[in-house]
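We will stop at one helix, move on to a helix pair, and then zoom out.

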Amino acid sequence: MNPKQKSQHASNFKMASLFAGLYAAQAITGSLVQTGLPTVLRESGTALDKLGLLSLIFLPWACKFLWAPVVDRYGVTRLGHRRPWLLACQALIAISFLAMAWFTPQDHFEALLAVLLAIAFFAATQDIATDALAVEAVNEERRGLVSAASVFGGYFGFLLGVGAWLPVYAAFGWSASMIFMATLVVIMTLPAIVAGPTERLLQKDQSQLRPGLRAAFASASLRHGLLFLLVYQAGLRLGMSLIGPYLIDAGLDLAQIGWLKGVGGALAGLGAAVLASVFLRRLGGRALVAAALLNGSVFTALGVCATFGSASSPVIGALVLLQAAAAAFSMMALYASMIGWCSPNQAGTDFALLQSVDAILAISFSIAAGFISQAAGHHVNFAIAAALLGIAALSSPRLLRDILLANPRRLILSN
């Protein structure tokens, strides 16, 4: 390996570790709130109505587009415009976890909820800055690498936030487990500290920029991107939303479902992230078509299983793991494309808007899946999901071409 190749590999590793660490820190927080904490609280006798309040913690992620223009507009250029936001949010998350060590969930639920909401706000703001950094620091050749690192970091953070946190809590108690979480966040921040400023410089005075939602919707490229999300994500969101209830109806017990949807699903996603990092660049835009077809094929198979009800648990389990891997591959391909839809002028605002719309789609199609499955059965829901994914695969090339032809609002970036 010549010196130039060594330098390139070192640079790629630095970039991958930076984004993997940042996305893992976000996932640690989300997985604790979504899975780990409700389990512990329920075990200690917390009422279900109180547990339902934990869903409020996800509001900052759904509404982050509202303050994304602030993250775009203000920063310290000499330190790297995004880096101060990243480091400040990571520090505040770690400090918040340390503060939570003083509030046992059984005795201080309201205080705990308030701190968790603050953590969610910091994590959502970190997400805005991280996504913006991906747009500003990554050229087209590295989009697949960063996309793979983001998915890998997300699944790795999930494993830490549930698989590592629960044993620590069981062995050492609440306070120790919160100190453990703070330590994990600090460790995941180290690549960002070492990396230094990574954005490429914009050839325009930042003071002239006025990032905002009006400018986002004025972009034909972003509007076409939002349409693409609607078409592409409909089938995936519809099919994924009720896999857990389907497994119950198919006769699997909670232990089996916990493994499939927890550790098994996370490992399948990690494996897909590693493999896709190799193939994503080679496939290019065809990766989105391939991901849609793969997900559609899995939902078709699940629909057949639901129709005849004769499939064994191992067969259903294998399909669920394959779907987790297919979903991870789809996320990576979509993330890599979304990076190219955002203007470097206001990368945080554009990306936050795309993700917020995707969250709204997830909620909407989850509700629709409930009505469809209740009225007609899981097999009909899976069949509709597969059909929508087929439509997505057929229409993706043209929709992506429309995005490229929409004259995106970009500044010329210097190397």
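Start with helix H13, where Ala-287, Leu-288, Val-289, Ala-291, Ala-292, Asn-295, Gly-296, Val-298, Phe-299, Leu-302, Gly-303 and Cys-305 are buried (under 20% relative accessible area with a 1.4 Å probe, protein chains only). This is a predicted model, in which local features need pLDDT of at least 70 and side-chain atom pairs pLDDT 80 or more, while totals for chains, interfaces and linings use all residues. Residues are numbered from 1 along each chain as its sequence is written, and side-chain values use heavy atoms, without hydrogens or water.

Now select all of H13, residues 286-308. Its 23 residues reach 33 Å from first C-alpha to last, close to the 33 Å expected at 1.5 Å a residue (1.5 Å times one less than the number of residues). Just after H13, click Gly-309, which has a positive phi of about 60 degrees.

Next, show H15 (347-376) and H16 (378-404): their axes come within 6 Å and cross at roughly 135 degrees (lines fitted to C-alpha atoms over the stretch in contact, with angles from 0 to 180 degrees between N-to-C directions). Colour Ala-369, Ile-372, Ser-373 and Ala-376 of H15, which meet His-378, His-379, Val-380, Asn-381 and Ile-384 of H16 (contact means heavy atoms within 4.5 Å).

Finally, zoom out to the whole chain, with 16 helices and zero strands (DSSP runs: H or I of at least four residues for helices, E of at least two for strands, numbered from the N terminus). Of its 415 residues, 51% are buried.

Terms used: Buried means under 20% relative accessible area, exposed over 50%, partly exposed in between (1.4 Å probe, protein chains only).
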